[in-house]
Each structure stands twice: as C-alpha cells, then as structure tokens.
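Here are a few notes from my read-through, meant as a friendly guide to spots worth a look. Have the viewer open as you go.

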Amino acid sequence: MSYIAAFHGRSPTITMRDFSNAQYILLLVAFNASSLLSICGSALIIMLARRDLSKVYHRTLVMLSAADILMSASNTVHFLMLPSDKTTNPVAIGNDASCSVVGFMLNVLWTMVAIYNAFLSINFVLQIRYQYTDEQLSKRIEPIIHTMAFVLSLPLPLYGLTREAFNPESASGLCLMVSYPPDCHLHEDVECIRGDSNLLAILQALVVNVVSLIGFGCTWLLYRTVKDCIDKTMNRSLSHATNLRHSQHLRNVSWQCTRYALAYFNTWI
C-alpha cells in the first residue's frame, strides 16, 4: 500500500514499544487481574449500599460501582478485541468494529466513574461545610450530577464512532480516539485510514482531568473545614483529654482524605 512507504519507512503495525509475546501475556494477566479485583470490590460495595438507598451517598456509590463494574468487565476483553491486523498482540482476535465498541465503553465509563467519584467528595463538602441536608442534595444536586454524567461522557465518544476515530494507540495499545496509522495527521504525505486527529482523545482526557481536579479540590476543602472546626473547638476547650481526642479525630480525617485523594489519583491516571 502506498501509505506505508509514505510513512517515512515506518510500519503501520502497532508494536506498543516492541513488546514480546511474553510481555503481552504478562500485561494481559495483570490487566485482567486488576479488572477482576475491581469488579469484586464494586460488587461488594453495591451489596452493602443497596441496603439503604434512601441516602444520596449510597445511591451515588451504587452508580459509581455499577459504572466501574461495566468498565472493568469491558477491560477484561479489551486486548482481545484489538484489530488483529493492526497490532503485534498475540491474543488479539478483533477487528475495527470490536475496537470501536471497547474503546467507546472505556471512554464513556471512565468519564462516568470520574464524575461520580467527584460527586462523593462534593456531597461531603456540601453536607459538612454548607450544612446541606440529604433531602436538599436529593432535590437540587443529585439530578444535575446524573445529567452531567451522561452529558459529559457520551457526546465525544459518539462523535468518535461516526468519525471512525477508535483505533489502537501506539503507547498503551488500547483502543482510543486516535488516528491510524499513528500520528498520520501530523504528516501531510501520509494518508489517514481511520480517524483524522487525536483531538477527541485530548478533549475527553481534559474532561476527566477537570472533573478529577474538582474532586481533589473538594477533598482538600473538606479537610480544611474539619481542621478549622477542630482548631476552634480546641482553642475554647480547657480539657487536655478533649484536645487529644480532637487531635486524633483530625488525624483520622486527614488520613481518610489522603486515601480518598489516592483513589482520585488512581482514577485520574
């Protein structure tokens, strides 16, 4: 094909940094193990949260966990669904259509997970700092969050389907909204077979990053709110034992916020 020679001598086959078959198998095992553990953890959360769905927090946990289960289930077959003619992955048995399906699910559900993660933090800040009741959250905030979960996650991937934008990405090997052959849109003498730029992938990543930063910010604000409240209480308290209890409580809150921030970071990357 003429575009191969035009691509500065580079093969259109995605090598993912020249992984060997053994490295691909190890990557697949690690990827699937992580996905299966995530499915088990999210399923357990749903089992616990569904006991009382009257609370916004529990309903959000169910939505977050459901999105995570779907994303993790899709991830278990992601590398199998790569186009076998566009990758050196030895387990790839898919085609362009299967790549588009798993790529679409990854982008949509990744964004939804980030949004519901952020809402958990927003929920705590509104309740603790601004004294929102669960009923106020349910009527004023929760419908907006559910709407945003679909409005922010669906348009770009849907448009990507119409543009044949889902293709194996050279660095990660995942089906993302990138052009094929790799970076063909950057070279005038190379014809793009599928997709015409990486702009959609950049925009989708930007959405997830902004949402995640909002979550980080709310987590930090929650910590500062609790810290300021405890500091005021300690200044007014004459009891050393009471101050010690407050200090321990602040350390517990600090550790919880740190773990929550790490969870955001895991979603972010």
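1. Please start with the side chain of aspartate 68, which makes a polar contact of 2.5 Å with the side chain of serine 38. Keep in mind that this is a predicted model. Aspartate 68 sits in helix H3, which covers residues 56-76. Setting aside neighbours within four places in sequence, aspartate 68 is in contact with Ser38, Ser42 and Val113.

2. What about charge around this residue? Aspartate 68 is buried and yet has no salt bridge. The nearest side chain of opposite charge belongs to arginine 50, and that is 16 Å away. A salt bridge would need a side-chain nitrogen of Lys or Arg within 4 Å of a carboxyl oxygen.

3. Next, the backbone. Most residues other than glycine have a negative phi, and most peptide bonds are trans. The bond from tyrosine 180 to proline 181 is cis, with omega near 0 degrees. Proline 181 is in the loop that runs between strand E2 (175-177) and helix H7 (199-236).

4. Glutamine 131 has a positive phi, near 60 degrees, although it is not a glycine. You will find glutamine 131 in the loop between helix H4 (96-128) and helix H5 (134-151). Is glutamine 131 buried or exposed? Its relative accessibility is 59%, so glutamine 131 counts as exposed.

5. Glutamate 164 is another non-glycine residue with a positive phi, here near 50 degrees. Its place is the loop between helix H6 (155-162) and strand E1 (166-168). With a relative accessible area of 41%, glutamate 164 is partly exposed.

Definitions and conventions. Residues are numbered from 1 along each chain as its sequence is written. This is a predicted model: local features need pLDDT of at least 70, side-chain atom pairs count only at pLDDT 80 or more; totals for chains, interfaces and linings use all residues. Side-chain values use heavy atoms; hydrogens and water are left out. Helices (H or I, at least four residues) and strands (E, at least two) are DSSP runs, numbered from the N terminus. Buried means under 20% relative accessible area, exposed over 50%, partly exposed in between (1.4 Å probe, protein chains only). Lys and Arg count as positive and Asp and Glu as negative; His and the chain ends are not counted. A polar contact is a pair of N or O atoms within 3.5 Å; within protein, one must be able to donate a hydrogen and the other to accept it, and residues adjacent in sequence count only if both atoms are side-chain atoms. Contact means heavy atoms within 4.5 Å.
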